[in-house]
Amino acid sequence: VELIASKRLAGNKLWHTAYGNPDLNFHLYYGGVSNKAILGNYGAAFLSIDYPLYQNKHFRLVAKFGTGLGFSNKFYDVEDNPKNVAMAAKLFALMNVGLNARYTFHKNTIGLGVDIMHFSNGGIKLPNLGLNLPYLSVSYGRSLSTQVKREPTAPHSHPTRKIFYGITGIGSVKQVYPTGTKRYGVYALNLHARTILKPKMGWELAFDIVSKQSIQGYRPDIDKTQWRMLQVGLYAGY
């Protein structure tokens, strides 16, 4: 069961019209995975955005991307639930991607969609094999407004061809096998630069430095220094 509240981004910013006026959605989800005794049921609250791939007056085909938080009433316990190697925490992150077709008449919308939802805590607590839930959906929606309000397109907020720089610091924790061992810190620094060529076109570069302290938990017989544990990465995107 999934309840969704949607708002059409109606063109008051340039990227709204450039991407066909996407929908911004808030989801409440609840469902099972056919094994209540071990895996239990799952709930989630997340945000998503729908990018139209094709649309006309009544029909809209959209690609959906979403992320948020999930929870479950069953998780790993060494005594009470040792077979649940998918989830070790009550609360975890989720990602959702999907393809949805919708037909609108008057204030009504009927839809058919195919989605996949991924649950994981990112290794903060083990075991954490995670779950991937593919599903088909049939939906009905009712609009609360008579029409989409379209405002004049705003000028581009960022000058094109100007380079924007940024830095991001990341801190987290990670557990390693065997299950029940200590948690290690994970630290990262991201340096990035990007520029805009057109409303839907640009490039970006990034450099990452990662210190994953959990490496200390592997092969304790091998000498490890902080310098040797550093990991670096280079990213380029268009």
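The following legends describe close-up views of a predicted model. Local features require pLDDT of at least 70 and side-chain atom pairs count only at pLDDT 80 or more, whereas totals for chains, interfaces and linings use all residues. Residues are numbered from 1 along each chain as its sequence is written, and side-chain values use heavy atoms, with hydrogens and water left out.

View A. Strand β3 spans residues 41-55 and contains S48; strands are DSSP runs of E with at least two residues, numbered from the N terminus. With a relative accessible area of 3%, S48 is buried (under 20%; exposed is over 50% and partly exposed in between, with a 1.4 Å probe and protein chains only). Its side chain makes a polar contact with the side chain of H27 at 2.6 Å (N or O atoms within 3.5 Å, one able to donate a hydrogen and the other to accept it; residues adjacent in sequence count only if both atoms are side-chain atoms). Leaving aside residues up to four places away in sequence, S48 touches D23, L24, N25, H27, K64, F65 and G66 (heavy atoms within 4.5 Å).

**View B. The ring pair of Y54 and F59.** Rings of Phe, Tyr and Trp (its six-membered ring) pair if their centres lie within 6.5 Å; planes under 30 degrees apart are stacked, over 60 edge-to-face and the rest tilted. Y54 is partly exposed at 47% relative accessibility, and F59 is partly exposed at 28%.

View C. Y19, Y51 and F65 form one aromatic cluster. K200 lies over the face of Y19, 5.0 Å from the ring centre (NZ of Lys or CZ of Arg within 6 Å of the ring centre and within 35 degrees of the ring normal).

Technical notes. Helices (H or I, at least four residues) and strands (E, at least two) are DSSP runs, numbered from the N terminus.
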